[in-house]
Each structure stands twice: as C-alpha cells, then as structure tokens.
Amino acid sequence: MIESLGTLRRTHTCGDLRASDIGQPVVLLGWIHRHRDLGGLVFFDVRDRGGLTQVVIDEEGPLLDEAKKLRAEFVVAVVGTVRARGAEVNPKLPTGEIEVVATQLRLLNDARPLPFSIASDEIAATEETRLRYRYLDLRRPQLQRNLVLRHRVAKALRDHFDSQGFLEIETPILTRSTPEGARDYLVPSRVHPGEFYALPQSPQIFKQILMVAGFDRYVQIVKCFRDEDLRADRQPEFTQVDLEISFASEDLVFELVEPAIAAAFRVIGVEVPTPFPRMAYAEAMARYGSDKPDLRCGMPIVDVSAGVAGTAFTPFREALEAGGVVRALAVPGFARASRREIDELTAQAREAGTAGLVWARKSAEGAWQSSALKALGEAGVAALVEAAGAGGDDLVLVAAGPAEGTPKALGALRLTLAKKLDLLKPDAFAFTWVVDFPLLEWDAAEGRWFSMHHPFTSPVDEDVATLETDPGAVRARAYDLVLNGSEIGGGSIRIHNPELQRTIFRTLGIGDEEARARFGFFIEALEYGTPPHGGIALGLDRLVAILAGEASIREVMAFPKTAQAVDLMSEAPSPVDQKQLDELMLEVVGPERPGRGQV
C-alpha cells in the first residue's frame, strides 16, 4: 500500500554516509536501484542524485515482508541506523564501507515495469527509447552527473564574469526576423494578424544596443534557436554564454575569456595553461585543412610544392602548372600500413575531391617504397619524405590539386588516421584562437557575397579601403575559440560606425531601403554615440560535453530533440486546434506529418 511521507525529512542524501556515521539514526528518501531477496535477508540500494546507499533488513517480521514486495524504481522512505559492512565493503562506492539497517520502511509510490534498466552501467535501449522516456533516462547516474557538471560549469562562468564587472541582462525571446544564415523559428502574432515574431538565433543586435546604452560589460547564459539541419553537436535550441564589451580589442576579449574557460576546467580538476595560442585562418586551412583544427595529434600538413617543382611526375606537374599545390601528410608510426589500408585512404581522398594519393615510406629493410618510385626515383622519394618532415617509421601521403580543396582532403584523412592510431586522447585538451578570417565568402549559386560570421563584424582596419574593390581579400576582426577540433566559441570586434555598417550591407546585396526595413532601429542606434565594442558567444552545450567526455551534446542537455527536431517525450511539434489557427488567421497546407523516430 502506498503511504504518506508525513513528517519524515531526509537527514542525508544517499551518497553522504561514511564510516564516521556508524551508529547514527538516518532517514533516506529515494528510489530502489537494485533489489536482492535472499529469503530471510533482503538487500536493496536506495538511490537519489547524491548516490547510492545499501539498505538491509535481516529480521523476520512485517518489515521483511514489505521489503520483499519492493521492485526497481519504487519510491521509498527508509528509517534506520548506520552500521559497518564488515567484509562486504564495496570499494567502488563512496558509501561502500557502510549500510543502513532499516527499522521503518514506507512505500511512497510504486512504478510500472521499466522500458530499460536504470541500474545497469551499460544501457541497451536505443536512443529513440531513451528520449521517449527521458524522465527515466535522466535518473541514470551518468546523466545526473552530466547535469550537475553543467550547473557547476555555468556557476563557475557566472562567478568569473561577475568578478570582472559584467552584468547579466536578459534580452528578448520574441523579436523580429532578420534572416541571414540559418532559418528563423517564426511565431505568429494573434494581436497583429499576418505578422510574426522570430525566436532569436542570437542576442547579437540587442547586446550591441546595450553597448550603445552604456552597459559596458554584458553577459547572459541564454537560449538561442536555429531552424537548421542537426548533427551531434547541434540542436534547434541551444545555450550560449553571451558576452559583449565596450572599448574592446581582441586582446581584451581573450584576456577575459581565457580565465573563464580555465575556471570551467577546474570544475573537473584540470588546470589548462593560458594564454591560448593563436593561429591565422589561412594557416589553419593550409596546415590542418580545417578552420577548427584538432591539435592533439600534431600531424600538420606540409607544403612540398617547392620541393617537387620541375618534376616530370605528371600529377604534380599538372597541379602546379594549374596554380595548385602539392601537400604532404606524415603519419607517425604507420610505415608498416598494409596496401589495403593505403587503398582505403586513397579511396577516401578521391571521395574528398582529389585525383588520388601518392604514398612513400621506408621498408623494414631500409629501401624506399612509393607509388611514384618509378617516376621520382629513390632520390626523389627520399627528398619528398624529408620535405614532409617524416621519420623512418612514418608513412607519407601526398596529394596534388587546387590550393583550397587539397588541404581539406588531407585534413579529413588526418582525422581519420588520428582516430585509427588513437592519437586523440579524451583527457588531452588543445586550445587555439583562430583569427584573421575572411570577412566575406562568395556564393556562386546566389551570385553574391555572404558574411562568413555575421554582417556586424568589423573588417581589419587596413583592409577597409579595399572593401568595395576587392571584397574577397578583406579580413575580419573575427575569432573562434577551438578546442579539440570543436568550435566552442566565436566572436568579433563589431562595426560601430553607421556608415561602414551601411557599406557592409550594400556589399552583401542589402540595399539602403532593405537595410532600413530590416535593421533600421539598429542603424539608428549606431548614430547616437556608439563606443567601439566586441564580444563572443561560448557554446555551453559543446563545452560541457567535452568536459563530460561525451560525443554528443544531447548527453548534457536535460530535454534534447532528435535529428528531426522532435521531442519524442512530449511529442512536440504537434498539431494544434483549429480554433487556435483561426485566431491566428493561419491555414495549414503541405505534406503529411513526417516520421519522427530518427535521432
């Protein structure tokens, strides 16, 4: 029978008790984690978010009979006394030296049979099932640890920025649509039929307006929304630590952010050295084939174009004559790779757009081996290996082709090989600031320039003069904070000159009239004494996932959605009543409701 809690009050969490508490009377409240009936003896673990405590009932009587009826996830109150476990110590548990001998047991609620086991460390349920029963999944210690970690990281960040004079100020969730990049989530207005709010992709404009308003250091841990295709590190709603600083330079932003990141890492007991290194975008693309390089494994891509200039080897010669490059990747300790492994890497390189790979290495006997040995000769192969910076146990992979695509293809191979060789250690943390991004990128399909970051990013001062004559050469005062191959933050020094902002809009194909319609209030605000300013947004979900050692941000979010942007637990999105549609003067047209299971 289900009983009332009455006046019982928890004295300890289920993770608090130690040998020093032996003899104490206690009250524990929680869920049955595991239950073992040995006839005249019943053991069960009681669990709450603090941990586990073993409870024992070892005397015949009504209490033992009640205990035999308990099942997994029943909610109970246990009154009893702490005693030593003796020889039955469990060194894996903080409470493993003690147990509680129950003198009173109350069943506060029962539970249906579970769709999956919460007690097992290895969960067999599919992610779809886990998301459908998220309230059960969240009882698992791993997810509870992740959400506790998230809380502590958020608190550490808040405390740091508070100590540096930042004010946490809330910005609107219902705002206007200013689409530029990802799609907005739109919210129809009942009061203004035919008009819509948008959920913010970022508080960008509002935090800049706060700088105009004189709030010179702003911070907010804020929900943002983007209607975009999802991946392991993306969700339709996500949380970022949003900053803006008046009279900012890149150096000042870095000096304020780096100690905050260090404080977050102290939550898991890791000290990270500061300052973080910096790397130009052009260098990142050339040496790692990515603007978010994973630096844990080394293995830079080397330009060997000069070393093979004048070669008769056709693939190298044709690439260089066409204005391309020849790039090499030295793979440490992989000289004994099989031909099948090399063929698989060559196939991957072709899928990435290259004409193929040239490989080179020394045999176990010290002879040079290469797929281009006949064309290059032993001296040419030796020179190629030396130019790549390879050692005697390394395999050298060489690709020739366009200057942009060739490093990207080798960069993808680099990560494949780093994982294969176990070079990406989860307990290693390699930071870098990537700086000097291009301000703009050309979209051939649209036939116009787009902002690589957003249209409020300031160009580098000395490049402003070429903005209208050579837009593609203009560098941005933008910066990304990269950790282990993941962008965990991005920001820039902003445009505070209204005329320069108008010029940027025109370069993006946004005429003065359209700019006034979409951003008029913001441009007007810039005309009232706007200080130079800049900021950054740190991805809280991504940062916590890395700290928790999780591959997906879903594992550090309480209620994530699937890859189809569906909440399987609440079944959102869902149809609404016709009355609601009529009030909003909306009509639903289009395809049937899509499938929802994919995560």
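A: The answer below moves from the order of the strands to one pair and then to the helices. The model is predicted, so local features need pLDDT of at least 70 and side-chain atom pairs count only at pLDDT 80 or more, while totals for chains, interfaces and linings use all residues. Residues are numbered from 1 along each chain as its sequence is written, and side-chain values use heavy atoms, leaving out hydrogens and water.

The sheet is open and consists of 8 strands in the order 6-9-10-22-21-20-17-11, with mixed pairing. Strands (E, at least two residues) and helices (H or I, at least four) are DSSP runs numbered from the N terminus, and two strands pair if DSSP finds at least two bridges between them. At the edges are strand 6 (167–168) and strand 11 (278–280), each of which pairs on one side only.

Within this order, strand 10 (residues 237–246) and strand 22 (residues 533–539) run antiparallel and are joined by 7 bridges. Val241 has Leu538 in strand 22 as its bridge partner.

Two helices lie across parts of the sheet. Helix 7 (residues 281–288) lies across strand 11 and strand 17 (431–435), at about 85 degrees to strand 11. These angles, from 0 to 180 degrees, are taken between N-to-C directions of lines fitted to C-alpha atoms, for helices over the stretch in contact (heavy atoms within 4.5 Å).

Cys224 counts as buried because its relative accessibility is 0%, where buried means under 20% relative accessible area with a 1.4 Å probe, protein chains only.

Notes. Buried < 20%, exposed > 50% of the residue type's maximum accessible area, 1.4 Å probe, protein only.
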